[in-house]
Every structure is written in C-alpha cells, then in structure tokens.
Amino acid sequence: MQLISFDPYRTLHFAQTQYLKPELMNHHLDLLIAADGILFPQYWQVNALLYGLKKRIFPSPASYYIGHDKVEMTRCFQTIAPQHVPWTLIEANTPANAERVWDTLPLPFVAKIPKSSMGDGVFLIETQADWKRYLALSPVIYAQEYLPIDRDLRIVWVGDRIIGGYWRIQADRGFYNNVAKGGQIEAGILPPEACALVEKLALGLGIDHGGFDIAMVGHYPYVFEFNRLFGNQGLSGLQGRIDDAIHDYLGRIWHDGEPDSPDPFKNPDQPPGMGGPDLPQVV
C-alpha cells in the first residue's frame, strides 16, 4: 500500500508513507487520488478527502466527528452506555438555562467549554462567581456532576483493541488530573470494568484511535471523554506499541491483496522493530 500522511510525527517510522503539508493538499491531488489511504489528516481536511476524493482515512471519520466536540461526544456516549456517563446538563447559554442548571446541580459541579483539551476549558464551580465567569466564556452550557475522585485513567485504544493505559494522579493544585495541568502519571493495573467500558464505546461508535479518560468510583467506571490525538508520555515504549497496532489494524482492514500476502507496511530490508525509510517529502 502507498499511503499519504499529513502528520509526520505520528507516522515517522511508517514505510511506504509519504508526507504532505496539509495546507498544500490541493497542490497534490494526483498523489492523493493515487494513494491507498490517508493518515492523520487535520479536521478541516476530512470532508474533502471523504466526499470529494472518496478516500479512506485513519483515524476513522467517527473518531474525528465525535471527538471534535464534548457535546457531540457526550450525546453519543449517552446512547451507548448512559449509565456510565456522569450526570450532565447541556443547554444553550441563556440566562434562563443558566439559572435552571445552577438550581439543579448540587455544588460543587464541573463546567466545561465544549471544544477544549488538556484540561483547558474545565472549571470547578463552587460559587456563583465561578459560574458567571464560566458563562462569560462558553458558547454552550455543559455542566456535569462532580465525582469524588483524586485520579483517573487514560486508556489508549488503537484499531480495535486496548494497547495500554495508566493512572493520572491529581495535581498538587487539586482538581486537575491532566498531565498538562500538573497531574502525575502512575503505572498500574487497568481495571477490567474500565477496559470493558472503553471497548464497548470504541467498537459501538466506530472509534479506532483515541485516549479515553475514565473515572473509577469504587469499581464502577464513568467516561469523561476521549481524545482523538493523545500524548504518549504516559508509558515507556507506548509509541512503538501504537505504531505496531496501526500497522496491524490497517494491514487487516485496508489490504486488498491475498490473506497471506506480506505486511504492506513492512520493508523487507529493515531490521525487526524498526520503521522503514521515509519516502521523499513533498513540500
């Protein structure tokens, strides 16, 4: 297979993969048309690739569309596993809705700006001043019950399986578990209840690349969100496992040859465990 990547860092060691700068996409339509698949396009490219050029992409369209917005994500989770979604109120940001949400959720509660990541846009609401500050920043009200936890899980899903995960311990400043906000990483056993929930959500929604954030209240898992693009600093060797999982998955679902044909990603002259040589970069 000949593949095009729009993210050189996530496909650094992929053989038979050519990198294009996203902003120059329309200058190289011939290469895109000839490619067997497209890896890691940016969100704004997805519709043109899917519907204009009729190309298959990785991550999946569902990973992009659902993962782009916490509101859409939560609504999808509520259809697949509603009992594992924290109590969440989503409303247009109007004075009447703001008052109703304030009167409904017990303090403290959590409010989020729908399109945010790495802990940005997440607010612990303890007072009316906190609430007014949030309302001035968010176009939509997204308010969620506060769970009594001091850590959560990041579980990494690639293709059609879990490939790893770790615990994120609450930052010294409190509330935030995100590594970007000072949360600490700790290796440990992934609870089977959390793994089963991630598998149900990912397979049910067609997500094939995501870092799922799961809270455990006792032995009961709750899903917060997933990130289509996630950091790999949590575990040693995680990026290598991610690469291997992508190779295996796309080799199975995109390979049009015979079942016993060689791995389409593998360069036969490359030592085991090493990525293949990059094709020339087009700039």
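This is a predicted model: local features need pLDDT of at least 70, side-chain atom pairs count only at pLDDT 80 or more; totals for chains, interfaces and linings use all residues.
Student: Which strands does helix H4 lie across, and at what angle to S5 does H4 run?

Tutor: Start with the terms. Helices (H or I, at least four residues) and strands (E, at least two) are DSSP runs, numbered from the N terminus. Axes are lines fitted to C-alpha atoms, for helices over the stretch in contact, and angles run from 0 to 180 degrees between N-to-C directions. Contact means heavy atoms within 4.5 Å. Here, H4 (residues 70–80) lies across S5, S6 (109–112) and S8, at about 135 degrees to S5. Helix H5 (residues 95–104) packs on the sheet too, touching S5, S6, S7 and S8. H5 makes about 165 degrees with the direction of S5.

Student: What is the strand order in the open sheet?

Tutor: Two strands pair if DSSP finds at least two bridges between them. The 4 strands run S5-S8-S6-S7, with antiparallel pairing. The edges are S5 (88–92) and S7 (122–125), each pairing on one side only. S5 and S8 (residues 140–145) share 5 bridges. Ile90 stands opposite Tyr142 in S8.

Student: Which residues touch the most other members of the largest nonpolar core?

Tutor: A nonpolar core is a set of buried (under 20% relative accessible area, 1.4 Å probe, protein chains only) Ala, Val, Leu, Ile, Met, Phe, Trp, Tyr and Cys residues joined through side-chain atoms within 4.5 Å. Of its 25 residues here, they are Phe77, Leu153, Phe212 and Ile214. H7 (192–205) gives the largest share, 7 residues.

Notes: Residues are numbered from 1 along each chain as its sequence is written. Side-chain values use heavy atoms; hydrogens and water are left out. Buried means under 20% relative accessible area, exposed over 50%, partly exposed in between (1.4 Å probe, protein chains only).
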